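My notes follow in the order in which I checked each topic.

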Amino acid sequence: MILRFRTLAVSWRGALPAAGLAGLAAPAAVLGDSGAEVLPQVTVTGDPLGSRTESELVRPISVVEGEALERRRGGGTIGEVLDGLPGISNADFGPGVGRPTIRGLQGSRVEELQDGMRISDVSDEGVDHAVGGDSRRAQSVEFIRGPATLMYGSGAAGGAVNMVTSRFDPFIGDQVSGRLYGAYTDNANKRQGYAGVEVPLTEGFALRTDYSLSRSDDADIAGFQLEEGRDGDHLIRDTLVNSDVKDDSWSLTGMWSEDWGYIGVGYDRWEIEYGVPEAFFPVHTSDIELSDEYERIYAEHDRFDLRSEFYDPFDGFSAARFNLSYTEFVQDEIEYEYDTSTGRLDEREPEATFEQDELDARLELTHDPLDALGGLRGTVGIDFHDVDYIGAADGDDLIRPTETTSTGVFVVEELPTGFGAVEFGARLNHERSRPADVADQQIKKVAEDGSINGVDVPERNFQEELGSRTFTTGSASAGARFELDDAHRLRTSVTYAERAPSAEQLYAFGRHGAAGTWEVGDPDLGEEQYLNLDIALERHQGAVRYDAAVFYNRVDDYIYFQSFDDNGEPLRVGADDDEVVQEDGGDQLVYNTAADVHLYGLEFEAEHDLTVADWPVTARASGDYLRGRFRDGGSLPRMTAPRLGIGVDTAWRTLDFAVDWRHVFRQTDTGPAETETGSYNLVGFDIGWEPQDVEELRVFFRGRNLLDEDGRRHESFFKSSAPILGRNYTLGASYNF
């Protein structure tokens with residue numbers, strides 16, 4: 001479903017801190033003298049270079065907020081909230097997992113943030129792992145397309161997504177206020193709700209608390225759960241088995257705001273339980289053998305946050321910001337087995353445990369314009385990141401226990417020019433990875449001849465002591481904004497970024513049952529190098545408005561999962577699935593391997609006001625096209641298929657309406673060990689009602705996948721086991737008081 005959303009040309013840095021981000025809530029568009037829609041000049045208070053309007057900034061960042069965010073909130077996961085926006089798709093693993101994919105990159109290359117600080121979880125270390133944040137809490141969601149390593153380090157080589165809440169907004173009201181939200185979806189019997197309240201205790205101090213929950217059963221789908229079931233005769237159809245989800249989150253925040261700045265301290269508790277969809281059934285059919293085992297995941301975190309900003313801290317500087325987050329995270333993956341003799345489900349021991357403590361801290365200083373340098377102004381900063389991956393209590397880990405520390409220093413500067421502005425920046429990052437000794441833990445996992453089903457295992461994986469790895473990475477970026485006339489802007493940017501390999505890519509060695517893989521890392525992997533070029537043309541006023549962008553991303557030593565054929569050789573593109581080597585337990589054997597690749601594509605969105613009178617009508621169109629290829633030939637796996645969508649918005653009195661159609665094209669450019677994905681159409685509608693006699697109340701009714709299509713997301717690692725959800729309707733309401 002492609003929905004209308006506001007695009008604010010906010011600094012590419014993201015809007016830190018959260019106080020400034022909360023101020024991004026854009027007012028409704030107004031009508032100019034000509035009757036055409038004119039987007040207002042929004043002051044971006046969270047801009048790292050000082051308060052600027054959107055027309056003054058160089059790099060754009062897109063923001064989904066307000067009514068558009070409410071329309072998308074039904075999915076629950078951040079990946080589903082953003083899915084369908086140009087350049088962004090959802091690498092889902094069923095309703096419990098939805099990781100955003102930006103221009104073909106996902107996982108440890110896309111940084112997920114909450115109020116400008118990293119979300120601590122293990123979603124980077126497994127395709128079946130949920131992002132540890134609650135989208136129902138978000139007031140807006142920002143996303144950066146392309147490398148954002150300058151501000152966030154290696155984890156943002158593909159982009160960044162920031163969920164902005166009201167927890168650390170420095171504005172404190174003079175009376176109790178809050179927000180209520182509730183919705184029911186017929187598909188999966190999904191119930192979700194949110195309640196948040198602010199209680200001012202003094203003129204400058206308030207307590208804020210909120211609670212959010214979601215409950216859903218197994219979801220309905222159109223057709224067979226297994227993709228190969230279309231040609232078979234098995235029983236799993238119309239239901240996405242083991243797809244139920246239960247999650248809760250709660251927070252308490254104290255906010256102190258005065259003329260000198262603000263300080264906020266908060267605690268956040270998050271829990272989730274979900275199944276990994278698979279065709280579980282206690283019988284076997286004639287042509288497809290279904291599993292009598294299934295996986296469930298239990299995850300939780302306790303998070304502590306500090307946000308602060310000090311205005312005019314000393315001569316020559318307009319702001320100083322210090323932010324801190326500390327998270328304790330635990331995730332258990334438990335395998336259940338169906339006992340055919342008793343007809344009962346028996347619980348097994350946890351097959352994988354992920355436990356880690358994470359500390360994230362950053363300090364930023366914004367200096368005043370330097371008249372001697374043409375009005376140059378900017379921000380300098382330092383951040384520190386420490387992740388202590390503790391692993392399983394029994395020592396039988398998928399990934400070696402590892403402590404990774406990262407320290408980065410960065411600078412972002414802007415120079416006003418006669419044609420617009422130039423912005424540039426640089427970052428230097430030092431990262432150290434210290435894996436634990438493992439005794440004979442790794443050796444016992446492979447055959448005596450040092451191979452797995454005939455595929456040789458690198459000798460380094462057998463070593464009890466691997467020693468530390470140190471990576472020194474750098475990033476540099478330059479961009480310009482050209483004011484072509486009163487309505488048009490041209491934006492260009494070039495970025496060089498380096499990314500250190502993740503702990504999973506270095507030290508994985510073992511079965512990851514919930515993901516269906518047997519993973520082998522490479523302790524000798526080096527840094528990835530990105531060279532990214534973006535060009536965008538924008539028109540943000542008048543009856544016709546549009547954004548159009550093209551990009552090219554050249555990556556050296558790109559790390560990916562390499563599969564093998566039955567001769568122990570790397571799998572070639574187009575090989576038959578039967579040739580893929582599997583570990584004795586049936587999981588696909590994959591090695592973390594590096595190769596040179598490039599990714600390129602285009603994105604666009606446009607709006608046309610057909611009428612602007614008592615019955616306004618706006619037509620919309622959007623789409624994207626992406627290609628990812630190995631530079632020595634062949635396609636990268638899991639590249640988002642081309643997409644094209646159109647829609648219409650209208651309103652009458654207290655009602656508003658939207659209808660959308662999106663076509664996802666067939667994906668035939670497949671990588672090794674990957675099948676093609678068919679095309680499908682998504683049709684949906686939204687109806688909203690805001691009664692005049694009850695201010696701040698909105699009642700909504702929406703429908704999704706009205707054609708009940710059986711679609712598969714090509715960017716998903718397990719598209720063959722988890723199709724998109726079937727037709728569904730949602731009724732809900734939101735109320736601000």
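I worked from a predicted model. I began with the lining of the second largest cavity, which by class holds ten nonpolar, 13 polar and ten charged residues. I noted a volume of about 580 Å³ for the second largest cavity. Its lining comprises 33 residues, and those closest to its centre are Asp 124, Glu 125, His 385, Val 387 and Ser 502. I found that strand 25 gives the largest share of this lining, four residues. Elements that each supply at least two lining residues include strand 9 (110–114), strand 22 (344–370) and helix 5 (503–507). For the whole model I recorded twelve cavities of 30 Å³ or more.

Entry on aromatic pairs. I counted 15 aromatic pairs. I looked up Trp 270 and Phe 329, which are stacked at 6.4 Å centre to centre with 20 degrees between the planes. Trp 270 belongs to strand 19 and Phe 329 to strand 21, so this pair ties together parts 59 residues apart in sequence. Both Trp 270 and Phe 329 are buried.

I then examined Phe 685 and Phe 701, whose ring centres are 5.5 Å apart with planes at 55 degrees, so the pair is tilted. This pair links strand 38 and strand 39, across 16 residues in sequence. Phe 685 is buried at 16% relative accessible area, whereas Phe 701 is partly exposed at 34%.

Entry on other ring contacts. I noted one aromatic cluster formed by Trp 250, Tyr 267 and Phe 304. Arg 103 lies over the face of Phe 551, 4.1 Å from the ring centre. Arg 237 lies over the face of Phe 224, at 4.5 Å from the ring centre.

Notes. Residues numbered from 1 in each chain as written. Predicted model: local features only at pLDDT ≥ 70, side-chain atom pairs only at ≥ 80, totals over all residues. Heavy atoms only, no water. 1 Å grid on protein atoms, 1.4 Å probe; cavity = no way out; pocket = protein on both sides within 12 Å on 5 of 7 lines; lining within 4 Å. Points joined across faces, edges and corners; volume = space filled by probe spheres on them. Nonpolar A, V, L, I, M, F, W, Y, C, P; charged D, E, K, R; others polar. Phe/Tyr/Trp six-rings, centres within 6.5 Å; stacked < 30°, edge-to-face > 60°. Buried < 20%, exposed > 50% of the residue type's maximum accessible area, 1.4 Å probe, protein only. Lys NZ or Arg CZ within 6 Å of the ring centre and 35° of its normal.
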